[in-house]
Amino acid sequence: MRRWLWAMPLVLGGACLGGCQKPLFPQTAPRSPYERYLTLRGEYRPPVETDAYGIERPALRQRLQPLR
């Protein structure tokens, strides 16, 4: 029984350090059915925009504007 108590933290620690090899959801996949709906109708709004200094910022104004 004591061997299992010592083995469990080692197994769990190894699993946590190993992690996943590739991301579960790729960046190019639609994030929601609503985003897919907008993309199919040509009204897709990108989640980030580049500012004047080249830094990517969330595109909040674009995404919060009402749809046509």
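Residues with a relative accessible area under 20% are classed as buried, those over 50% as exposed, and those in between as partly exposed. A search of the whole structure returns one salt bridge.

The secondary structure of the protein chain consists of three helices and two strands. Read from the N terminus, the elements follow the order α-α-β-β-α. Mean pLDDT over the protein chain is 82, and 87% of the residues reach a score of at least 70. Confidence is highest in strand β2, which spans residues 56–58 and has a mean of 93. The lowest value belongs to helix α1, residues 2–18, with a mean of 73. Where pLDDT is low, the predicted coordinates should not be read in detail.

Of the 68 residues in the protein chain, 6% are buried. The chain exposes about 7200 Å², of which carbon and sulfur atoms supply 62%. Among contacts with a separation of 6 or more, 16% are between residues 24 or more positions apart.

Helix α1 contains L12. With a relative accessibility of 52%, this leucine falls above the 50% cut-off and therefore counts as exposed. Together with W4 and M8, L12 makes a nonpolar surface patch of about 370 Å².

Helix α2, covering residues 33–40, includes E35. The side chain of E35 presents a contrasting case to the ion pair described above: E35 is buried but has no salt bridge. The nearest side chain of opposite charge is that of R63, at a distance of 4.7 Å. When residues up to four places away in sequence are left out, E35 touches P30 and Y44.

The strand region was examined next. T50 belongs to strand β1, which comprises residues 48–50. Its relative accessibility of 53% places T50 in the exposed class. Despite this exposure, T50 is in contact with I55 and E56, again not counting residues up to four places away in sequence.

In helix α3, formed by residues 60–64, Q62 was considered in the same way. Q62 has a relative accessibility of 34% and so counts as partly exposed. Its contacts, with residues up to four places away in sequence not counted, are R45, P46 and E49.

Technical notes: Residues are numbered from 1 along each chain as its sequence is written. This is a predicted model: local features need pLDDT of at least 70, side-chain atom pairs count only at pLDDT 80 or more; totals for chains, interfaces and linings use all residues. Side-chain values use heavy atoms; hydrogens and water are left out. Helices (H or I, at least four residues) and strands (E, at least two) are DSSP runs, numbered from the N terminus. Buried means under 20% relative accessible area, exposed over 50%, partly exposed in between (1.4 Å probe, protein chains only). Lys and Arg count as positive and Asp and Glu as negative; His and the chain ends are not counted. A salt bridge is a side-chain nitrogen of Lys or Arg within 4 Å of a carboxyl oxygen of Asp or Glu. Contact means heavy atoms within 4.5 Å. pLDDT is the predictor's confidence in each residue, from 0 to 100. Patches are made of residues with over 30% relative accessible area and no salt bridge: like charges are joined within 9 Å, nonpolar side chains (Val, Leu, Ile, Met, Phe, Trp, Tyr) within 5 Å. Accessible areas come from the Shrake-Rupley method with a 1.4 Å probe; for residues, only the protein chains shown count as cover.
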